[in-house]
Every structure is written in C-alpha cells, then in structure tokens.
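Thanks for coming. I will go through one structure today, strand pairing and then aromatic rings. Please look at the screen.

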Amino acid sequence: MGLATYEFLEELFSVGPSTFYRAKNAILGHEIMVRRLSIDPTRAENARETFYREQRHSAQLSHPQIQRPIEVFEEQDHLWSVHEFRTTRPTAVIVKEDGPLAIAESARLRSQIADALAYMHGRHFMHGKVSPQFTLEDERGDAQLINMVNCAHRAAGGWPLRAA
C-alpha cells in the first residue's frame, strides 16, 4: 500500500517527532488515523528497527484503550503507521483548552490507562512515555493510549531502548 492509498483530511495533533492525521482509505472508503514519524538522520537505522519492532508488538495487543496499527510503511523519508480512527484529543490539550479535569473524571481516565498498562505488562510488554501528551480521550470520553511509542518486549532484549 502506501500514501497513495490515503486521502488526508486534516492534521489532528503533533507530539514530538510524530504528527497524526485524520485520513480516509481511498479504496475502502473508511476513516483512519495516520501517524507520520520523522526520522532523525543521526539515528535512522535504529529508528527504523525500533519503529518496526514496536509496531509488530503493538499489533499483537487487543485492548479497548490501546490503538494498535493496521498498516506500517516507510515513504517520503518518514515512517508511517495507520490505525482505526477515533475522534481524540491529547489530555494535555484538553486541560490546556478546557481547564483541569474534575477529580472523578481524571481518576476514571487514569484507571482505564492503568488497566491498559496492566494488560500490556501481563503479556510481557512495557510502555514508555505515558503522559498527558501521549494519552488521548475519545469521543465517548474513554482514554486511549498511544501504543506507538517506546514499547518493547522484555524477552526481545530490547529494553531499555536507549541508554538514557
């Protein structure tokens, strides 16, 4: 497949080297979320290896709070992943635009994230960068974990991913 398969509708948000888009599969007609990851040229090979390993591991997970990939590829000097579309906003943006969450709401979202992390850990996976920038809230008010960053399978010998 590749970029020609997708019609980009709007940029949703950016987090670090990743930009997320609402797009449409031009062949099947359904909406999807596309992530574009910029490749740091000083770490290009490691970035590719890490990205594809993380996406393979993410694709094995099935949890309502985890957005797993349905396609990955490299094109135009970027790494791309495609995911089911859900209307989402990073919780950091929600707090910035709407003000602090009520304690009960915050606790509910964090409970959902804790459940997703427990699910991952029970399958011997770890996740990094769980923060308001990497935690989304969907249109139903449910938490969504961007399971596209720094996950590693302990058995693969890939943890920690970086010396830092």
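Which residue in the turn of the β4 and β5 hairpin has a positive phi? The residue is Q76, with a phi of about 50°, and the hairpin has two residues between its strands.

Some conventions before I go on. This is a predicted model, where local features need pLDDT of at least 70 and side-chain atom pairs count only at pLDDT 80 or more, while totals for chains, interfaces and linings use all residues. Residues are numbered from 1 along each chain as its sequence is written, and side-chain values use heavy atoms, with hydrogens and water left out. Strands are DSSP runs of E with at least two residues, numbered from the N terminus. Two strands pair if DSSP finds at least two bridges between them.

Start with the five-stranded sheet. This sheet is open, its pairing is antiparallel, and the order is β1-β2-β3-β5-β4. At the edges are β1 and β4, each of which pairs on one side only. From one strand to the next, the twist averages 25°; the axes behind such angles are lines fitted to C-alpha atoms, and angles run from 0 to 180 degrees between N-to-C directions.

Within that sheet, β1 and β2 run antiparallel and are joined by eight bridges. F8 sits opposite A23 of β2. At the other end of the order, six bridges join β4 to strand β5, residues 78–84, again antiparallel. There, F73 has W80 in β5 as its bridge partner.

Now the rings. A pair of aromatic rings is described by the distance of the centres and the angle of the planes. The rule used here takes rings of Phe, Tyr and Trp (its six-membered ring) and pairs them if their centres lie within 6.5 Å; planes under 30 degrees apart count as stacked, over 60 as edge-to-face, and the rest as tilted. By this rule there are six aromatic pairs.

Why is the pair of Y6 and F73 called stacked? The ring centres are 6.4 Å apart and the planes are at 5°, so the pair counts as stacked. Y6 is in strand β1 (residues 6–15) and F73 in strand β4 (residues 69–75), so to speak distant parts of the chain, 67 residues apart. Both residues can be checked for burial, where buried means under 20% relative accessible area, exposed over 50%, and partly exposed in between, using a 1.4 Å probe and protein chains only. Y6 has a relative accessible area of 9% and is buried. F73 is also at 9% and counts as buried.

F8 and Y21 give an edge-to-face pair, with 5.2 Å between centres and 85° between planes. F8 belongs to β1 and Y21 to β2 (residues 18–25), so this pair ties together parts that are 13 residues apart in sequence. F8 is partly exposed at 33%, whereas Y21 is buried at 11%. Ring pairs join Y6, F8, Y21, F73 and W80 into a cluster.

Next, the three-stranded sheet. Its order is β6-β8-β9, open, with antiparallel pairing. The edge strands β6 and β9 each have a single partner strand, so one side of each is left without a neighbour in the sheet. The twist here averages 35° from one strand to the next.

Strand β6, residues 88–90, is joined to β8 by three bridges. In that pairing T88 has D138 as its partner, and R89 has E137. The β8 and β9 hairpin has four residues between the strands, and G141 takes a positive phi near 90°.

In a regular strand the side chains alternate between the two faces of the sheet. For β8, residues 135–138, both faces are covered: T135 and E137 on one side, L136 and D138 on the other, are all buried.
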